[in-house]
Amino acid sequence: MTDTNKPIPEHLAPQQGELIMFENNRFLERMSRMRPTTVLIVYLPVIAVSIYLSIAGGTGVLPTLGLVLAGAVFWTFFEYFFHRFVFHFNATTPFQHKILFTIHGVHHQYPNAKDRLVMPITVSIPLAVLFSLLFVSTMGDAGWGFFAGFGAGYVSYDMMHYAVHHVQNSKFALFRKIRRHHMAHHFRDTRLGFGVSSYFWDRVFRT
């Protein structure tokens, strides 16, 4: 197992195979791994129920669809911000390097590990509850529509992230461009290219 007590350099050398992160805790090790199908099973019903709650709460069909779109767009900014400033924060101590490796560095060192490409539900569910409460408390029932779009953006992000690592040949030019963008982040410069489902904000912020 990689010694996470040592400082982890920003540019991690990619390796093949798998990494056992929690050797002495099978439960934590199992919960640190997640298949993309789990994300679909958990969150597609949540998105559908959120759309229903928005419409049933009096928001209306067309306004709810607009909120879903707005929430999805907001997700792309959140994805960029979170990846850039949380997943790649400037670690300065051994403990911070260990945290950085645990939350994201492991993905850079083992970029093709199939069950470490989507966020574990033990992390994503608490975040989903937090954001749903935030949106509904500030927007009322209309917040459910916005949350549905935010959740759809998250699901799209996880599916895209899995695809760009494991779908090498695609007839879709946009997908190939997104894949090249993300591979450059992994193998050229991890200080650039923070968008995964989109490279829009990288262009806006010149990263």
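The following is a working conversation about a predicted model.

Colleague: What are the ground rules here?
Modeller: This is a predicted model, in which local features need pLDDT of at least 70, side-chain atom pairs count only at pLDDT 80 or more, and totals for chains, interfaces and linings use all residues. Residues are numbered from 1 along each chain as its sequence is written, and side-chain values use heavy atoms, with hydrogens and water left out.

Colleague: How many helices and strands does the protein have?
Modeller: There are eight helices and zero strands; these are DSSP runs, numbered from the N terminus, with helices (H or I) of at least four residues and strands (E) of at least two.

Colleague: Where is H88 found?
Modeller: H88 lies in the loop between α3 (61–85) and α4 (94–109).

Colleague: Is H88 buried or exposed?
Modeller: H88 is buried, because its relative accessible area is 13%; buried means under 20%, exposed over 50%, and partly exposed in between, using a 1.4 Å probe and protein chains only.

Colleague: Which side chains does the side chain of H88 contact?
Modeller: The side chain of H88 makes a polar contact with that of H104 (3.4 Å) and another with that of H108 (3.4 Å). A polar contact is a pair of N or O atoms within 3.5 Å; within protein, one must be able to donate a hydrogen and the other to accept it, and residues adjacent in sequence count only if both atoms are side-chain atoms.

Colleague: Changing topic, where is R203, and is R203 buried or exposed?
Modeller: R203 sits in helix α8 (residues 200–204) and counts as exposed, at 57% relative accessibility.

Colleague: And how much of the protein is buried?
Modeller: Buried residues account for 44% of the 207 residues.
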